[in-house]
Amino acid sequence: MESEKELRICHMYPDLLNLYGDRGNVLSLIRRAELRGIKVKLVPVSIDDEFDENDFDIVFLGGGQDAEQNVIRKDFVEVKGPKVKAAIENGMVFLCICGGYQMLGKYYQEHDGTKIECLGAIDVYTVGEDVRYIQDTIYEADFLRSENALSAGKEGTASDPARLYGFENHSGRTYLGESVKPMAKVIEGAGNNGKDGYEGAIYNNVYCTYSHGSFLPKNPLMTDHLLRLALKRRYGEDYELPPLGTENEDFAREALLRYKEKGNTAP
Amino acid sequence: MQSLRYHTAIASAKVVRAALRLFGRGATTLPGKVAVKVDPKILQKLCAGRDCVTITGTNGKTTTTHMITDIFRNCGYEVVTNVSGANLLSGVTTSMIFGLKAMKKAEKSGKKVICVLETDEAAYGKIACQIKPKVSLVTNLFRDQLDRFGELAHTRELIAKGLDTCEADILLNSDDSLVSELYKGREGRTLFYGLSEESMHYNNVTYPDKSGVLPASSDAEYCTSCKTKYTYTARSFGHLGAFSCSKCGKTRHAPRFYVEYDLAKNPSDEGYELTLCDGKEKKEDAGTVHLKQKVKLPIPGMHNFYNSIAAVAACVRMGEKIGDNEGLSFEKCASALEHVEAAFGRMEKIAIGDKTICVLLVKNPVGLDRALSFVAGASDADGIYMLLNSNIADGKDVSWIWDVDFESKTFPEKVYVSGDRYGDMMLRVLYSGVDRERIIAKPMEECAELLDQAISDSAVGKCLYILPNYTSMLALRSILVKRYHLKDFWK
């Protein structure tokens with residue numbers, strides 16, 4: 001019998017960065033790991049807590065209200081910063097949403113031009129603007145299509161495994177440097193900056209997105225992608241993530257599509 | 001003498017209401033909207049010289065408004081109040097205009113009049129200056145439709161702005177670190193209400209949190225002044241509790257009005273008994289006098305401890321302010337509270353044949369958390385029916401359901417799910433560990449049939465708990481009227 005596998009999740013600043021249902025992403029990682037018989041260890045790491053990359057397989061960093069993001073900035077950039085950067089360079093798997101995404105970048109420029117220094121772990125920067133993008137979104141991520149070729153539905157349709165669903169709520173516009181790839185193409189919504197048609201960022205094993213929603217419950221194949229990356233990194237390239245159905249998530253997705261089709265015109 | 005503009009505004013509102021009624025429509029906001037167009041100062045004129053109480057905050061406004069109204073009425077006052085939800089300038093104005101007749105009649109017969117006005121927390125900054133309340137109550141600040149209102153710090157600023165445009169005595173929740181901060185700069189006119197720390201502590205020890213895999217997303221774990229994590233000696237729920245900051249020394253104020261309680265009995269039960277207390281200011285040599293009164297909680301659920309003490313505090317303070325210490329004594333107000341009845345969607349139990357349903361409106365994370373706790377504790381729960389819509393009035397973003405700790409709650413055996421976002425809610429319940437077989441999820445178009453099924457599945461003598469959000473509650477209400485011939489007396 002194969003030995004029991006374990007997944008160690010680091011939830012960074014759960015007491016401060018917990019906006020718009022980000023907690024659901026952690027619940028998804030836990031659920032889809034546990035249903036496969038993988039033991040999950042969840043560790044909250046907040047201000048003044050030690051962060052050691054050897055303790056974890058995957059790191060989750062969500063978004064927060066401005067007040068909360070100001071509370072963590074010093075701890076994140078100055079105290080944990082060097083270790084986080086090293087972990088990223090060593091291929092640690094990260095999922096970062098909205099504020100977390102922005103903070104990994106080089107800086108955040110406020111409306112009045114003030115530049116707030118961020119971690120600079122990935123080559124992106126963000127500019128705050130007045131108009132907020134608030135809407136349901138659809139993206140397409142090619143890596144999911146190749147990874148799920150066998151179960152692939154028709155390209156460009158709802159059953160396309162590349163399709164990602166979310167809800168965006170941000171006033172920041174993020175621009176990507178050369179070493180960073182976008183995570184997905186925007187089908188519906190504004191994405192990174194409302195201009196270039198792309199959403200999110202990938203650098204090494206770091207995945208960043210503006211998608212709340214929560215993101216992972218809506219996108220089980222994305223959850224599996226992150227689990228696979230994290231477990232292969234821990235147990236070797238030969239590790240195969242056991243198969244697991246997505247019928248419940250598909251049910252929810254169909255409900256969402258049905259709602260979008262109906263149109264939402266009521267006050 | 002009022003101006004011509006004023007009279008034209010009132011007349012226009014009446015015409016609009018008559019027209020709306022002709023078409024069988026409710027008229028809770030449009031008449032006021034038209035009146036404000038005609039006379040932008042109309043609300044100020046309507047409220048001038050009157051004794052007004054305002055209620056604002058993110059949760060518990062409607063229930064608290066309802067309680068305050070009933071206490072005043074039971075104490076012999078004529079009360080003008082606004083219909084639940086109609087709490088913007090237009091709604092408050094509408095209520096005041098159509099309350100004129102009753103006010104004038106009462107005044108003629110020598111009966112005293114009080115206006116009890118629920119005001120939207122984001123609109124408070126703009127309308128408090130017109131109402132000029134004598135007493136202003138702030139319930140709490142929890143995240144609520146952030147896509148509409150922006151962040152909590154901003155909402156608090158809006159409330160602060162309103163408080164500074166009037167001279168009201170301010171009643172603040174001592175256990176909410178975000179709300180109690182409004183005390184700063186308004187020391188002379190602020191009073192606190194809350195739960196007794198001793199009771200909170202006792203209950204935290206006796207009934208420790210059943211922790212899920214993740215704590216619920218919290219709103220205020222860190223000191224707003226110096227960004228240090230608060231230390232809590234006891235908690236009630238959410239970020240409410242006995243907090244203090246080890247660095248800057250900011251700490252919970254001891255409330256004048258407080259609740260002593262004992263969770264050895266279940267606050268989900270009807271007739272739960274708690275003790276309301278008033279630690280009156282010192283009188284020369286007498287020290288602080290603590291008046292205490294046992295009352296049966298009129299509307300169940302632990303969050304109603306706060307609403308109850310807030311309501312009594314507001315009435316007592318108003319009595320002191322207008323010189324009716326006798327008629328609005330602490331004892332009288334506390335006793336009057338027992339006669340309050342629940343409003344629709346606020347824990348009211350409704351008989352449907354030999355079955356019972358209970359509707360709990362849930363609009364934001366803490367409301368859902370409280371409702372789920374309540375249902376988990378209700379001994380008669382035999383099914384839960386959750387409805388989630390995402391219209392503009394609900395907030396377009398439903399991600400907040402993931403902020404709530406479903407994981408530590410026990411669900412009744414049968415879980416029914418509907419609303420436009422039934423898929424999202426089904427998944428949320430499923431991910432908390434409820435088996436898929438126990439969840440029946442149907443689209444909004446089938447919500448009435450699903451209600452039939454849920455009621456028919458429910459056992460005689462047991463209760464089906466229904467948790468809709470705002471627009472799904474409106475839909476549910478009209479289904480209950482049409483399908484189950486319930487009289488629509490909630491308007």
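## A walk through chains A and B

Of the 267 residues of chain A, 48% count as buried, where buried means 20 or more other C-beta atoms within 10 Å of the residue's own, exposed means 12 or fewer, partly exposed lies in between, and C-beta atoms are placed from the backbone. Before going on, keep in mind that this is a predicted model, in which local features need pLDDT of at least 70, side-chain atom pairs count only at pLDDT 80 or more, and totals for chains, interfaces and linings use all residues. Residues are numbered from 1 along each chain as its sequence is written, with chains lettered from A and ligands numbered from 1 in the order in which they are written.

Let's stay with chain A for a moment. Its secondary structure comes to eight helices and 13 strands; these are DSSP runs numbered from the N terminus, with helices being H or I of at least four residues and strands E of at least two. The C-alpha atoms fill a box of roughly 50 × 50 × 35 Å along the principal axes. A compact globule with 267 residues would have a radius of gyration near 18 Å, and chain A agrees, because it has 18 Å. That radius is taken over C-alpha atoms, and the globule rule is 2.2 Å times the number of residues to the power 0.38. Look at contacts in chain A between residues at least 6 apart in sequence, and you find that 70% join residues at least 24 apart. A contact here means that the C-beta atoms of two residues, placed from the backbone, lie within 7 Å.

Why does A:Tyr13 count as buried? Because A:Tyr13 has 26 C-beta neighbours inside 10 Å. Leaving out residues up to four places away in sequence, A:Tyr13 touches A:Ser46 and A:Ile72.

Now over to chain B, with 16 helices and 17 strands. Its C-alpha trace spans about 70 × 60 × 40 Å along the principal axes, and 53% of its 491 residues count as buried. For 491 residues, a compact globule would have a radius of gyration near 23 Å; chain B has 22 Å, which agrees. The domain assignment, which is automatic or from a database, gives chain B domain 1 (1-40), domain 2 (46-337) and domain 3 (346-484).

How do the domains 1 and 2 of chain B meet? The centres of domain 1 and domain 2 of chain B, taken over C-alpha atoms, are separated by 31 Å. Nine residues of domain 1 of chain B are in contact with eight residues of domain 2 of chain B. On the domain 1 side, α1 (4-22) and α2 (30-38) of chain B each supply at least two residues, and α2(B) gives the largest share, five residues.

Five of its five residues are buried, so β1(B) is largely enclosed by the rest of the structure. B:Cys52, B:Thr54 and B:Thr56 point one way from β1(B), while B:Val53 and B:Ile55 point the other way. Strands of a sheet pair through backbone hydrogen bonds, either parallel or antiparallel. For a pair to count, DSSP has to find at least two bridges between the strands. β1(B) runs parallel to strand β3 (residues 113-118) of chain B, joined by four bridges, and B:Val53 stands opposite B:Val116 in β3(B). β1(B) also pairs in the parallel sense with strand β4 (residues 135-138) of chain B, over four bridges, and there B:Ile55 has B:Leu137 as its bridge partner.Further along chain B, six strands form an open sheet of mixed pairing, in the order β12-β13-β17-β14-β15-β16. Its edge strands, each pairing on one side only, are β12 (346-352) and β16 (439-441) of chain B. Strand β15 (residues 415-418) of chain B pairs with β16(B) in the parallel sense over three bridges, and B:Val417 has B:Ala441 as its bridge partner in β16(B). Packing on this sheet is α14(B), which touches β14 (381-387), β15 and β16 of chain B, with its direction at about 150 degrees to that of β15(B); axes are lines fitted to C-alpha atoms, for helices over the stretch in contact, and angles run from 0 to 180 degrees between N-to-C directions.

Finally, the two chains: their contact takes 35 residues from chain B and 38 residues from chain A. α8 (152-163) and α14 (422-431) of chain B are the elements giving two or more residues to the chain B side, and α14(B) provides the largest share, seven residues.
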